[in-house]
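This report goes through one multi-chain model, element by element. Please keep the sequence and the 3D view open while reading.

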Amino acid sequence: MLNWLRWLPENASTYGADVDGVIAIIWYTTLVWFFLTFGTLGAFLVLYRRRPGRAAAHVRGERLREAAWILVPVAVVLVLDLWLDFRGAPVWAKVKIERPPAELTVQVTGRQFNWEVVYPGADGRFGTADDKPFIDELHVPVNRPVRVVLKSRDVIHSFFLPNFRLKQDAVPGRDIEGWFQATKPGKYELPCAMLCGFGHSGMKAYLYVHPEAEYDAWAAEQRS
Amino acid sequence: MITASLVHAPSHADTGFWSTYVFSTDHKTIGKQYLGLGVLWTVVGGLLAGGMRWQLAWPDTALPVVGEIGPEVFNMMVTMHGTIMVFFVAMPILLGAFGNFLIPLMIGARDMIFPRLNMLSVWTFTVASVVMLSSFFVPGGAASAGWTGYPPLSARPEYTGVHWGLNLWILGLALEFASFLMGGVNYLTTAIALRAPGMTFFRMPLVVWQQLVASTLFLLSVGPLIAGAVMLLLDRTLGTAFYASDLGGDPLLWQHLFWFFGHPEVYVVLLPALGFVLEVLPVFSRKPIFGYRWIIWATLVAGALSFIVWAHHMFISGMDPRLAMPFSVTTILISVPFAYIVFAMIATLWRGSISFDVPMLWALGFLTMFIVGGLTGIFNGSAPADIYINNTYFVVAHFHYTLFSAVVFGGFAGLYFWFPKMFGRMLGRPLGHLHFWLTLVFFNVTFFPQHHLGLAGMVRRVANPLQYDALVPLQWLNVLSTWGAFGLLAAQAALVANVVWSVRAGARAPGNPWDANTLEWSAASPPPHLNWGPSAPMVYRGPYDYSVPGARADWHSQDAGPGRTSALGARS
Amino acid sequence: MSTRADVQGLPAGLTGPKLAVWWFLASEIMVFGGLIASYLVFRLGGPGWAEASQHLSVTFAAVNTLVLLTSSYTVVRAFVAAERGDIGGLRINLGLTVLGGLLFLGIKALEYTTEIRAGFTPGSGIFWSFYYTMTGLHGLHVLGGVVLNVVVLVAARSSLEHVHRVELAGLYWHFVDVVWIFLFPLLYLS
């Protein structure tokens, strides 16, 4: 209960571990600050509660000598904050900016209130006769990078794969790319994470990650 | 030296009921009017929250009295709860009520510099309230696109099924903005122009500084949202193209305009509460606030920074991903001035003489809960972490820890502290203690589990958590949170009882029940019309001369002349 | 009731009401700033804008610019007359300012009518949405300024008691003029 990191769902993606790593650094750092501040506060409340015959000290805290007691911890906060950003930047880039080459690209279009999934078919191009459409299901092979092109028919939806630590809004009028690489076969929930109308609650797809051979079999079946 | 003009202060008998209580230009009455309206809206916003929490804990059970809540109604409740709490509870109480009541008193003025503009501002807010309330009763119901109102959901009525409700929502907000713009202009001009002789800027209490910075932030940030709201209304009514990608527009434009305002807005709400706590801590530790000037600079830095962090609400929005890291850096930087202020609050207690009166309990409650909220802000401000936690309950937990700290813990610190000055009676201590401890416990029971729900992947604004496989085994967290919410709402009965009893039969408040230094405590409780009687205060020192070595008392009023601790009784 | 005698925190030449007007103008600058910034981002981001703006009448707008600039000049003259205690000069110049504002609005109405007749409405696309909204909001502010000037003019008919209001109204009027100075090139000339 007390270790927040244990509440994250199972991770099934390559960069998921990196995202969890950033969350973990923040968790441990903030935990230390939590104990330091609460501990100091608690100690002061006990030590300096009102007692007859003992007056408060007239400390203004304005001179540098006094203010330093606070400025030093504040400087530590600053340094830690910047370090956090420094550690986080490559993870952000990995998920959101880099595009590893992917054999499989899938188009996912959000609409009130389903995810329309389209595979390009054997010709590898969208908008042709051999495109394969699905509603609320996405099939991918394990251990292969998959590119997703997100679109929307109406309002803003959000493509969220909790087990992959991936989230990306789908905005009408834009084609937004995302990518992931699954590390474990399984069936994973894909909820919509942006309020999109009365059907927002319960709007979700499922991602099916297949072992290689199973995926090839599934793909072949779709072609026939 | 300028002396205040000698004016015969009209009594209530002279001016009649309507101009004394309804069409008053007295800043103290106007402050109470804002307080009353804010309290009425708190009931509405609180009931909406109770209803939402019931639905989340027991999605398949109809609510008592109200009946079944369908997803459209749930979305409407979510939307209006947020809108009401931010714009119709937090701002009127923290800024409108306390700002109005305190600023002239604390700077030694007789009233705001524009009393009639002040009256216009509270009446505009009243009209805004009527408009917003009416949106519940029109066909199609009230707005349901979230308090953030993202288009295209909010821009085309067919996407929500809400027609007039959303238009009225926009109009109600526009009127609320106008009201607080008027108020802000009044506060800023009054504080600059009407300070009593000797009241330099750096002798003004931190309460006043925080109100002024908050007003400035609002004044400068709301413009782009007004522009955006006009655009939204036109998209809805005239079919303009601003947020419609098929006509050349862009839904993300709204998000930029909204959050450019939205982020400074959270500090508009926070800063007044910070001010109350920064006032209460010295009084009940009998020590100066630690680092008065540094706190002012930190506040100004935080205010300035608040204008360049807005896109941390938009990391996942589809904006250019290269913008994420710059905004992540500015966001994480804004924690620095607030860290200073939190540390300074703790340092104020060091070597103090601390008494745990009820206002002090609330101030300490603010400090502890705000630390938790501030720490979870670090998670949200980191772009890669936010990929996962954006739009989950983790964000909900974060902003409730910070906003609730401000509005409830900070607001009650202010209320219990200044109640004697405002109403001339002391609030009862036992009920005050009960109110505080129940609120603290139930607040944590309600919102702490929401961190866990968010980390487990529960998304925001869903009416039925049981629709998600991952959440079914965690439903006990939702139930726990709901019981916490019911307890939290019920606990407020202690305040109601206390106020009702005290206003009638409570001990009459002396001028300065807390032995505090700031000028309002030199006026009667409550102060008469025009505040000061025939002669306005002269200010001789800053507000933090507590426990000065060798002084006659452990406090020293700002307007006490040579050889006196207090000016009470010296002027009549 | 606080009178100006109580005011001791302000530097010479600055009154409470004047400071208040400046704060108000700061918030207004942010409103128009928000609109203009949004317009600029769209302009710089997308194609096809130059095409739409061809349909605007630069002539009408240029005349309007002249009208507003002239009315800003007359409002300054009105203020100068007020300072000198010259009620007649004040009334003439303020009256000319009001006329200028009305002329501006009239020309704008003519423009809108022409454009709507040609089939260009606010819903005709993103450029037109911005054009109508920005000039419409500005027009509402011009109207507000006209009303303000009329009120001050009427009050100045008999006495110079509230003559400091001419300066305040003039400040607002200059602001309205400056916004137009931005809108004109952004919408019509680029």
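Begin with strand 4 (residues 137-141) of chain A, which is mostly covered, with 4 of its 5 residues buried. Buried means that 20 or more other C-beta atoms lie within 10 Å of the residue's own; exposed means 12 or fewer, partly exposed is in between, and C-beta atoms are placed from the backbone. Helices (H or I, at least four residues) and strands (E, at least two) are DSSP runs, numbered from the N terminus. Strand 4 of chain A runs parallel to strand 10 (residues 204-210) of chain A, and 5 bridges join them. Strands pair if DSSP finds at least two bridges between them. Val140(A) has Val209(A) as its bridge partner in strand 10 of chain A.

The model is predicted: local features need pLDDT of at least 70, side-chain atom pairs count only at pLDDT 80 or more, and totals for chains, interfaces and linings use all residues. Residues are numbered from 1 along each chain as its sequence is written, while chains are lettered from A and ligands numbered from 1 in the order in which they are written.

Chain A is divided into domain 1 (4-97) and domain 2 (104-223). These bounds come from an automatic or database domain assignment. The centres of domain 1 and domain 2 of chain A, taken over C-alpha atoms, are separated by 38 Å. Across the boundary, 11 residues of domain 1 of chain A are in contact with 13 residues of domain 2 of chain A. Contact means that the C-beta atoms of two residues, placed from the backbone, lie within 7 Å. On the side of domain 1 of chain A that touches domain 2 of chain A, helix 1 (residues 16-47) of chain A gives the largest share, 3 residues. That side of domain 1 of chain A has 5 nonpolar, 4 polar and 2 charged residues. Here Ala, Val, Leu, Ile, Met, Phe, Trp, Tyr, Cys and Pro count as nonpolar, Asp, Glu, Lys and Arg as charged, and the others, Gly among them, as polar.

Helix 3 (residues 212-223) of chain A is hardly covered: the count of buried residues among its 12 residues is 0. Its length fits expectation. At 1.5 Å a residue, helix 3 of chain A should span 16 Å, and its end C-alpha atoms are 17 Å apart, which agrees. The expected span is 1.5 Å times one less than the number of residues.

**Between chains**

Which chains have the most contacts among the 2 pairs that touch? Chains A and B do. Chain A and chain C do not touch, and their nearest C-alpha atoms are 13 Å apart. Between the other partners, 39 residues of chain B are in contact with 30 residues of chain C. On the chain B side, helix 6 (164-193), helix 7 (206-238) and helix 8 (251-285) of chain B are the elements that give two or more residues. Helix 7 of chain B gives the largest share, 12 residues. By class, this side of chain B has 28 nonpolar, 8 polar and 3 charged residues.

**The largest nonpolar core**

The largest nonpolar core has 308 residues, and Val277(B) and Ala413(B) touch the most other members. A nonpolar core is a set of buried Ala, Val, Leu, Ile, Met, Phe, Trp, Tyr and Cys residues joined through C-beta atoms within 7 Å. Helix 3 (residues 71-107) of chain B supplies the largest share of this core, 24 residues. Domain 1 and domain 2 of chain A both give residues to this core, so it lies between them. Leaving aside neighbours within four places in sequence, the contacts of Ala413(B) include Phe276(B), Val277(B) and Trp362(B).

Phe284(B) is in helix 8 of chain B. Phe284(B) is buried, with 26 other C-beta atoms within 10 Å. Beyond four places in sequence, its contacts include Ile354(B), Pro359(B) and Met360(B). Phe284(B) and Leu349(B) are 65 residues apart in sequence and 9.1 Å apart in space, C-alpha to C-alpha.

**Backbone details**

| Cis peptide bond | Omega |
|---|---|
| Pro151(B) to Pro152(B) | about 0° |
| Ser525(B) to Pro526(B) | near -5° |

Pro152(B) sits in the loop between helix 4 (115-134) and helix 5 (157-160) of chain B. Pro526(B) is in the segment after helix 16 (493-505) of chain B.

Arg165(A) is not a glycine, yet its phi is positive, about 60°. Arg165(A) lies in the loop between strand 6 (157-161) and strand 7 (166-170) of chain A. Arg165(A) counts as buried, with 29 C-beta neighbours inside 10 Å. Asn531(B), also a residue other than glycine, has a positive phi near 65°. Asn531(B) lies in the segment after helix 16 of chain B.
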